[in-house]
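Me: I am new to reading protein models. Could you take me through one, feature by feature?

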Amino acid sequence: MTGWMRTLHKWAGLILAVQFLLWMGSGLVMSLLDHDKVQGHQYRAHATPKSTQWPTGTLAPSRVLSAAELPVQSLEAMWLRDRPVYRLSNTARTWLVDARDGRSVAINAATALAIVRADYSGPGRAGTPVSLTTPTLEVRGHPAPIWRVDFDDDDATTLYVSGQDGRILARRNDTWRIFDIAWMLHIMDDTERADFNHPLVVTAAAGGLWIALTGAWLLVAGLRMRKTRRACA
């Protein structure tokens with residue numbers, strides 16, 4: 001039994017060794033990367049909280065709700081740059097209306113560019129906003145439409161703005177992109193890069209545990225066999 005177990009242990013170990021190297025290598029890469037750069041904070045303008053009072057003469061929330069053409073599950077008063085707006089949302093979408101007249105507020109290219117310029121404090125220049133109708137891997141998990149704006153700084157920063165309510169959805173750069181590749185290799189998910197308990201990674205982890213247990217068993221069996229041989233000599 002020891003002979004075929006040793007052979008199986010050896011070949012299974014060789015197969016799993018590649019994934020073990022990827023696990024250790026990707027983990028090392030992620031631990032060495034600067035956390036602030038990965039989060040996109042190095043060029044983020046941390047603005048002080050807006051102290052401007054909510055203007056008088058704005059529409060009451062009840063009036064905005066009664067005029068809404070779609071069902072509304074939540075309503076929030078907020079500022080879009082220097083413009084008072086109401087953010088309305090339901091399970092399907094989010095949209096903005098002007099708090100002063102109730103008109104719909106669109107997040108166009110010019111608005112998206114103004115938003116990212118206010119959020120960015122680095123040396124790069126902003127490129128032309130690009131409209132995304134389908135989320136990419138860099139902004140996965142967020143609904144379209146989305147505006148993408150690239151900056152020509154040393155880390156190739158990209159800011160993503162929601163085309164629904166003007167929020168900054170993500171701050172990406174080359175440091176984050178390296179982290180994302182390492183994360184993909186670490187969890188063995190090259191599609192969504194979010195599932196860390198899929199069958200492939202569970203199988204690999206179970207195989208690693210089996211390698212460890214059989215290795216310990218073979219070690220004990222080898223020591224016993226050596227002791228038996230010495231006793232018979």
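Reply: Start with the second largest pocket: 19 residues line it, and E69, W95, V97, G102 and S104 lie nearest its centre. The model is predicted, so local features need pLDDT of at least 70 and side-chain atom pairs pLDDT 80 or more, while totals for chains, interfaces and linings use all residues. Residues are numbered from 1 along each chain as its sequence is written, and side-chain values use heavy atoms, leaving out hydrogens and water.

Me: What is a pocket, and how much space lies in the second largest pocket?

Reply: Rolling a probe the size of a water molecule over the atoms shows where empty space is left. On a 1 Å grid over the protein atoms alone, a pocket is an open set of points where a 1.4 Å probe fits, with protein on both sides within 12 Å along at least five of seven lines; lining residues have an atom within 4 Å of a point. A volume is the space filled by probe spheres set on the points, which are joined across faces, edges and corners. Here that space is about 350 Å³.

Me: Which element gives the most to its lining?

Reply: Strand β3 does, with 4 residues. Helices (H or I, at least four residues) and strands (E, at least two) are DSSP runs, numbered from the N terminus.

Me: Which residues of the largest nonpolar core touch the most other members?

Reply: A nonpolar core is a set of buried Ala, Val, Leu, Ile, Met, Phe, Trp, Tyr and Cys residues joined through side-chain atoms within 4.5 Å. Buried means under 20% relative accessible area (1.4 Å probe, protein chains only). This core has 17 residues, and L80, V85, L96, I107, V116, F151 and V161 touch the most other members. Helix α4 gives the most to this core, with 4 residues.

Me: Is Q164 buried or exposed?

Reply: Q164 has a relative accessible area of 15%, so it is buried. Its place is in the loop between β7 and β8. Contact means heavy atoms within 4.5 Å. Beyond four places in sequence, Q164 is in contact with residues including R93, T94, W95 and L96.

Me: How far apart are Q164 and T94?

Reply: They are 70 residues apart in sequence and 5.7 Å apart in space, C-alpha to C-alpha. The side chain of Q164 reaches the backbone nitrogen of T94 at 3.3 Å.

Me: Where is T175?

Reply: T175 is in helix α5. With a relative accessible area of 11%, T175 is buried. Leaving out residues up to four places away in sequence, T175 touches L33, D34, K37, V38 and D155.

Notes:
Buried < 20%, exposed > 50% of the residue type's maximum accessible area, 1.4 Å probe, protein only. Polar contact = N/O pair within 3.5 Å; in protein donor to acceptor, adjacent residues only side chain to side chain.
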